[in-house]
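This report concerns the overall fold and the charged side-chain pairs of one protein model.

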Amino acid sequence: MQVRIYPTKQDVAAKFSTFLADLVKSTKILNIALSGGSTPKIVFDYLAENYADLDWSHVNFYWGDERCVLPTDSESNYKMTVKHLLSKIEIPSENIFRIQGENDPEKEAIRYSAVLEKELPSEFKIPQFDLVILGMGDDGHTASIFPHEIELWDSNENCVVAVHPDSGQKRVSITGKIINNAEKVAFLVTGASKAEKVQEIIKKTGNFKEYPATLVKPTSGKLIWFLDKDAAKNIR
Ligand code: 6PG
């Protein structure tokens, strides 16, 4: 596990964007699972601003989770990604594998699980992403696996239907089986509201065992935390 700490969330976005751009330049085919959230949004803006001219034609974008809403809904991770990145770079539409939030959630979890089986190379007979990008909620959730249903992490399925604990909104999420089989995992976590959970998870203290983010341990060993100073203030 690597922990990289930068002064501000803008610095996190710049440094992670450089990390991602280097991967894009150095890899023949790149299969990436994207995340929703405020930090990825800043990353997408930075990529659109500084790396629009990169050759994105060999990059395939998937999602680690999606809200069960229309792709035109303000809640849609896909919509956010189109607005902040995909509408600003040249990338073939066939390289975009969105979770279809408008579908019946259970059916979509099955459909997307099959997409991962079909489209991704496999390692240990499990679909493997080159990179999974994750955020972490204030409650320690990641992707859309929440503490109140942490058992979903260990599902045998590639994707499951999860429920947001406060809003009751249904989500389709990849599971620990997929996340921990990724070649690389990048955690993008910024803001003072994350500091307590970051400390518990990285130091293995307090209620760390209750947080799905604690369970992110890629078999490859290549987990990189990209933190700003606020999120890292209890581990410096
Ligand atoms: C989502 C994200 C979710 C997000 C965390 C952190 O669909 O909302 O996948 O897991 O990464 O909630 O979000 P922030 O970066 O905005 O704190």
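The model is predicted, so local features need pLDDT of at least 70 and side-chain atom pairs count only at pLDDT 80 or more, whereas totals for chains, interfaces and linings use all residues. Residues are numbered from 1 along each chain as its sequence is written, and side-chain values use heavy atoms, with hydrogens and water left out.

The protein contains six helices and eleven strands, taken as DSSP runs (H or I of at least four residues for helices, E of at least two for strands) numbered from the N terminus. Its radius of gyration is 16 Å, close to the 18 Å that the globule rule gives for 236 residues, so the protein is as compact as a globular protein of that length. That radius is taken over C-alpha atoms, and the rule is 2.2 Å times the number of residues to the power 0.38. Of the 236 residues, 55% count as buried, meaning under 20% relative accessible area, with exposed over 50% and partly exposed in between (1.4 Å probe, protein chains only).

A search of the whole structure finds eight salt bridges, each a side-chain nitrogen of Lys or Arg within 4 Å of a carboxyl oxygen of Asp or Glu. Three of them are tabulated.

| Pair | Closest N to O |
|---|---|
| K118 and E119 | 2.9 Å |
| K222 and E183 | 2.5 Å |

K222 lies in the loop between α6 and β11 and E183 in the loop between α5 and β10, 39 residues apart. K222 is partly exposed at 38% relative accessibility, as is E183 at 21%. Together with K184, these residues are linked in a network of salt bridges.
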